[in-house]
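Reader: Could you show me how to read cavities and surface patches in a model?
Author: Gladly; let us look at the structure together.

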Amino acid sequence: MRHSVLFGSMGIVLAAALAACSGAGERGATATVTGPVTVQTIVAAKQGLPRMTQATGSIEPWARVSPGTKLMGRLEDVRVREGDRVRKGDVLARLEDADLRASVEQARAAVRMAEANLENAEAQHSRMANLQKRGSVTEKSFEDAVAAFRVAEAGLEQARANRVAAEVALSYAELRAPMDGWVVRKMAETGDMITPGTPLLVIEDLSRVKVTFHVPETDVVGLKEGSPAEVRVDVLAEVYEAAVDRVVPSGDPASRTFRVQLILDNADGELRSGMFARARFLRGERQVLAIPVDAIVRRGGLDGVFVVEDDMRARLRWLKLGRAEGEVVEVLSGLVAGTRLVARPPAELADGMAVEAR
């Protein structure tokens with residue numbers, strides 16, 4: 001029993017000593033505060049922030065074509081390589097065309113023959129017309145001369161049409177660029193045997209580009225043609241101002257997304273097909289409680305602000321924040337409109353310190 005009483009007495013004495021030391025420590029901490037900290041304060045208020053939609057997408061060429069030939073034959077020459085710049089009308093490739101040239105010569109010879117036949121028929125018709133006026137020829141002979149003249153005219157027209165057809169067929173032996181652009185793919189080489197309709201190259205027009213995004217159905221509401229947007233291309237570290245070109249009204253039933261397309265000028269050619277892009281679309285404005293980003297205090301992964309209470313002391317209050325827009329950030333919870341808070345908390349400001357507002 002004596003030991004118990006003794007230990008109990010010692011515990012009481014020890015507890016009293018610790019309490020005294022604790023009180024002295026608190027008094028010492030309070031004594032380090034020499035005076036109120038001067039701060040600048042603001043009043044939290046609701047304000048209009050843009051209602052933005054963000055999406056990712058990829059850059060596509062303004063136009064993409066895959067020219068081929070209407071003929072079957074062997075490639076005599078392919079004049080371009082991948083990466084070449086071409087102009088509309090440039091010869092890209094040529095087929096062996098000896099047989100086509102021969103057909104053109106035959107058609108031209110047929111035209112010359114038809115012209116000679118028509119010249120002869122015309123002379124015969126004129127002669128028979130003069131004789132018919134003098135009554136020196138039968139009606140049947142005159143009619144035969146007229147018919148021969150008309151046949152010769154038709155023969156010349158047909159010969160000329162055959163010549164045009166042969167020349168058109170010969171032109172198909174040359175594959176020409178249908179537009180200005182860049183050769184981005186080559187699928188045939190000199191000596192290859194090709195068939196009608198087989199694409200030989202892929203050409204892309206990159207003077208302008210389309211940027212396609214797939215936007216969720218919850219965010220597509222409010223987007224329409226002409227809605228402002230900005231596009232960021234990460235690899236170029238550039239931001240481009242744009243407007244919505246079209247919103248495809250039919251969505252993907254699997255992903256519940258809608259295709260939104262923007263158009264960007266690309267005169268300098270920096271934008272390339274297939275590049276990754278991010279977009280922010282403006283869908284209107286919303287009223288939210290927002291505060292300056294400079295007022296936020298970040299400690300231990302938490303976000304808060306110093307609220308100035310009526311006793312002119314700063315109290316640290318933790319917040320749940322939403323999306324930041326420029327120099328302000330939305331407050332989702334932890335703060336109400338009309339609350340007075342420190343605008344740019346100084347480094348020495350701590351929870352419970354006295355402050356003097358400017």
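The dialogue below takes the cavities and then a surface patch.

Author: A word on the source: this is a predicted model, where local features need pLDDT of at least 70, side-chain atom pairs count only at pLDDT 80 or more, and totals for chains, interfaces and linings use all residues. Residues are numbered from 1 along each chain as its sequence is written, and side-chain values use heavy atoms, with hydrogens and water left out.

Reader: How many cavities of 30 Å³ or more does the structure hold?
Author: Rolling a probe the size of a water molecule over the atoms shows where empty space is left. Here there are 2 cavities of 30 Å³ or more (on a 1 Å grid over the protein atoms alone, sets of points where a 1.4 Å probe fits but cannot get out; lining residues have an atom within 4 Å of a point).

Reader: Which residues line the largest cavity?
Author: Among them are T69, R94, Y172, E174 and I194. Strand β6 (91-95) gives the largest share, 3 residues. The lining divides into 8 nonpolar, 1 polar and 2 charged residues.

Reader: What lines the second largest cavity?
Author: This space of about 30 Å³ is lined by L75, V78, A93, L175, A188, L200 and L201, with 7 nonpolar, no polar and no charged residues.

Reader: And which residues make the nonpolar surface patch?
Author: V164, V168 and Y172 make a patch of about 220 Å² (residues with over 30% relative accessible area and no salt bridge, nonpolar side chains joined within 5 Å). V168 sits in helix α3 (residues 139-171).

Note on methods
Patches are made of residues with over 30% relative accessible area and no salt bridge: like charges are joined within 9 Å, nonpolar side chains (Val, Leu, Ile, Met, Phe, Trp, Tyr) within 5 Å. Accessible areas come from the Shrake-Rupley method with a 1.4 Å probe; for residues, only the protein chains shown count as cover. A salt bridge is a side-chain nitrogen of Lys or Arg within 4 Å of a carboxyl oxygen of Asp or Glu. Helices (H or I, at least four residues) and strands (E, at least two) are DSSP runs, numbered from the N terminus. On a 1 Å grid over the protein atoms alone, a cavity is a set of points where a 1.4 Å probe fits but cannot get out, and a pocket is an open set with protein on both sides within 12 Å along at least five of seven lines; lining residues have an atom within 4 Å of a point. Grid points are joined across faces, edges and corners, and a volume is the space filled by probe spheres set on the points. Ala, Val, Leu, Ile, Met, Phe, Trp, Tyr, Cys and Pro count as nonpolar, Asp, Glu, Lys and Arg as charged, and the others, Gly among them, as polar.
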